[in-house]
Amino acid sequence: RRSSDLKEHPAYIMVFLQHVVLQFDCSPVLCYLHADLIRNANVKEGKKQFVDFFHSFLDKGALLRVQVPLHFSFDLDRNRPDMITEEVLKKCLQEVQGHVFPEINRQLEDFRSKRVLGMTPGELELTELESYQTKDKTITESKEKQLAEQLLMKLEEMHLTISAGRKSVV
């Protein structure tokens with residue numbers, strides 16, 4: 001699937017996220033998706049969400065910090081995230097997404113190559129979904145959403161296991 005198709009199919013994005021969490025730094029993908037949510041929100045909600053986005057991905061101490069161009073980082077350091085204008089906010093989100101996109105494409109290519117070999121988490125579920133035959137699009141969408149919810153629970157369990165493992169190492 002193309003990256004644009006991936007966002008339209010929740011089960012596929014959940015399998016891709018599982019793959020990324022297990023294989024790579026998930027910050028670029030999460031950053032891209034969060035930026036997409038903000039870009040699709042109304043202005044007031046978008047400005048509120050941007051503050052969380054900034055502290056999660058762009059702030060120097062952010063847990064999920066993504067690399068941004070030096071000039072961009074300099075501009076962000078001089079402005080409070082809650083005081084950024086709508087125009088600057090849109091430009092910021094677009095630039096951040098553009099900057100992380102090559103890494104996401106690299107991760108997506110890795111996912112595709114491993115999927116061809118049957119080496120991705122959730123492979124069994126996706127194969128079952130793809131083999132499901134019906135002409136009713138709503139049934140297919142419902143089945144995919146249900147699968148995505150199951151995969152989300154698995155991802156949450158993985159997160160708890162990984163988090164517990166990191167705490168015991170520290």
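Mentor: Let us begin with a term: a residue is buried when its relative accessible area is under 20%, exposed when that area is over 50%, and partly exposed in between. Please keep in mind that this is a predicted model.

Trainee: What makes the link between the side chains of Glu123 and Arg115 a polar contact?

Mentor: The distance given for the two side chains is 2.9 Å, and the limit for such a pair of N or O atoms is 3.5 Å. Beyond its neighbours within four places in sequence, Glu123 touches Arg115 and Gly118. Gly118 follows helix H6 and has a positive phi, near 75°.

Trainee: How do you know that the length of H6 agrees with its number of residues?

Mentor: Helix H6 has 31 residues, 86-116, and at 1.5 Å a residue these should span 45 Å. The end C-alpha atoms are 42 Å apart, which agrees.

Trainee: Which class of accessibility does Leu108 fall into, and why?

Mentor: Leu108, a residue of helix H6, has a relative accessible area of 3%. Because the limit is under 20%, Leu108 is buried.

Trainee: What describes the packing of H2 and H3?

Mentor: Two packed helices are described by an angle between their axes and a distance between the axes. For helix H2 (residues 10-23) and helix H3 (residues 27-40), the angle is about 145° and the axes are 9 Å apart. H2 contributes Ile13, Phe16, Leu17 and Val20 to the contact, and H3 contributes Val29, Leu30 and Leu33. By class, the contact holds seven nonpolar, no polar and no charged residues.

Trainee: Why is Asn40 placed in its class of accessibility?

Mentor: Asn40, in helix H3, has a relative accessibility of 66%. The cut-off for exposed is over 50%, so Asn40 counts as exposed. The side chain of Asn40 reaches the backbone oxygen of Asp36 at 3.0 Å.

Trainee: And what makes His55 a case of its own kind, buried, exposed or partly exposed?

Mentor: The relative accessible area of His55 is 42%, which lies between the limits of 20% and 50%. His55 is therefore partly exposed. His55 lies in helix H4, where Gly46, Phe50, Phe53, Phe54, Phe57 and Leu58 are buried. Apart from neighbours within four places in sequence, His55 is in contact with Ala62 and Pro81.

Trainee: What else is known of H4, including its N-terminal end?

Mentor: Asn42 caps that end of H4, with a side-chain oxygen 3.2 Å from the backbone nitrogen of Lys44. H4 spans residues 43-58 and has a kink of about 25° centred on Asp52.

Trainee: How many helices and strands does the chain have?

Mentor: The chain has eight helices and zero strands. Of its 170 residues, 35% count as buried.

How values were computed:
Residues numbered from 1 in each chain as written. Predicted model: local features only at pLDDT ≥ 70, side-chain atom pairs only at ≥ 80, totals over all residues. Heavy atoms only, no water. Helix = DSSP H or I, 4+ residues; strand = E, 2+ residues; numbered from the N terminus. Expected span 1.5 Å × (residues − 1). Polar contact = N/O pair within 3.5 Å; in protein donor to acceptor, adjacent residues only side chain to side chain. Contact = heavy atoms within 4.5 Å. Buried < 20%, exposed > 50% of the residue type's maximum accessible area, 1.4 Å probe, protein only. Axes fitted to C-alpha atoms, helices over the stretch in contact; angles between N-to-C directions. Nonpolar A, V, L, I, M, F, W, Y, C, P; charged D, E, K, R; others polar. Bend = angle between axes of the 7 residues up to and from the residue.
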